[in-house]
Amino acid sequence: MAGRLEGSPWIWKDNDFIRWEDATVHVMSLAVQFAASVFEGIRCYDTPNGPAVFRVHDHLKRLMSSSRTYRMQPDYTIDELVEAIRATVRRNELDACYIRPTVLRGFGSSSMHPEHSPIETYIPVWPWGAYLGEEALAQGVDVCVSSWNRPAPNTIPSGAKSAGNYLVSALMVMEASSHGYAEAIGLGPGGLVSEGSGQNLFMVVDGEVVTPILDGTSLSGITRHTVLKIAAELDITVREQLVPREMLYAAEELFFTGTASEVTPIRSVDGLEVGEGRRGPVTRRIQRRFLELAGGEGPDPWGWVTYLD
């Protein structure tokens with residue numbers, strides 16, 4: 001499970017490098033006052049051919065889309081940000097790390113009108129292992145269905161990866177933790193399964209992979225898309241559909257997907273064992289291919305691995 005963050009020495013900020021401890025934001029910034037911040041989570045893997053960033057262009061494309069939704073687009077191209085990420089990982093002399101490009105509104109206005117609040121862009125990186133713990137990748141995690149729902153469509157744009165969206169995620173995680181669970185699954189306002197606190201969700205039913213449709217209550221995850229491609233490559237049938245809560249209890253296998261979580265099996269939901277209570281065979285196949293692909297140890301037919309050099 002993620003613990004206290006130990007940062008790296010340098011953060012990229014608007015075409016310059018600043019010390020980690022100097023990357024401060026004013027208390028009256030719109031980012032602090034009104035959560036005017038969007039971000040991405042990207043992983044750099046230590047591969048046999050050197051450090052490589054996984055699906056960096058797709059992550060930055062989504063960052064630009066999130067920024068556009070909130071009318072705070074940074075004055076950089078995707079290619080310029082890719083080079084900034086490369087430079088930041090190199091500057092910190094890291095072989096593997098987590099990368100969090102962040103665009104926010106700084107200090108300028110005390111109201112929600114943003115025109116006087118500057119747009120600032122940061123790229124922090126730091127060493128970070130498996131989000132739910134290394135053992136979780138093999139043994140799985142225990143989760144609960146949260147009492148907190150994912151937001152309804154057209155209340156807050158769930159398809160944009162914004163800081164504000166994660167307030168309900170934090171409530172879900174705190175509730176789950178207080179009851180002894182590692183994570184939570186959120187339902188949409190209509191009671192159908194949406195996603196985890198910060199992960200998309202997959203299940204195996206009759207040997208086929210099922211995942212909730214993107215109905216405006218969840219994020220269109222980069223790892224979710226990766227798993228859909230991998231499943232097709234492995235000749236595993238995938239269905240995107242509406243998922244009622246009771247399917248969680250009847251599924252043969254369940255797993256989370258996300259940049260931080262990668263492909264993490266779920267061994268129980270609300271105290272009910274999933275399948276045999278451990279990582280199932282379909283999850284194992286998909287997880288193995290994902291880690292090989294992201295780690296530069298398997299074929300990359302989609303050109304998703306970007307090396308630093």
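**Stop 1: a hairpin**

Select Asp206 to begin: in the hairpin of strand 13 and strand 14, which has two residues between the strands, Asp206 takes a positive phi near 55 degrees. Before moving on, a word on what you're looking at: this is a predicted model, where local features need pLDDT of at least 70 and side-chain atom pairs count only at pLDDT 80 or more, while totals for chains, interfaces and linings use all residues. Residues are numbered from 1 along each chain as its sequence is written, and side-chain values use heavy atoms, with hydrogens and water left out.

Helices (H or I, at least four residues) and strands (E, at least two) are DSSP runs, numbered from the N terminus. Two strands pair if DSSP finds at least two bridges between them. Strand 13 and strand 14 (residues 208-212) pair in the antiparallel sense over three bridges, and Val205 has Glu208 as its bridge partner in strand 14.

**Stop 2: along strand 13**

Now select residues 200-205, which make up strand 13. Are they buried or exposed? Six of the six are buried (under 20% relative accessible area; exposed is over 50%, partly exposed in between, with a 1.4 Å probe and protein chains only). In a regular strand the side chains alternate between the two faces of the sheet. Here, Asn200, Phe202 and Val204 point one way, and Leu201, Met203 and Val205 the other way.

**Stop 3: aromatic rings**

A search of the whole structure finds ten aromatic pairs. Rings of Phe, Tyr and Trp (its six-membered ring) pair if their centres lie within 6.5 Å; planes under 30 degrees apart count as stacked, over 60 as edge-to-face and the rest as tilted.

Select Phe54 and Trp304: their ring centres are 6.1 Å apart and their planes are at 90 degrees, so this pair is edge-to-face. Phe54 lies in strand 5 (residues 50-54) and Trp304 in the loop between helix 8 (281-294) and strand 19 (305-307), so the pair ties together parts that are 250 residues apart in sequence. Phe54 is buried at 6% relative accessibility, and Trp304 is buried at 7%.

Next, pick Tyr98 and Trp128, with ring centres 4.6 Å apart and planes at 90 degrees, so edge-to-face too. Tyr98 is buried at 5% relative accessibility, whereas Trp128 is partly exposed at 23%.
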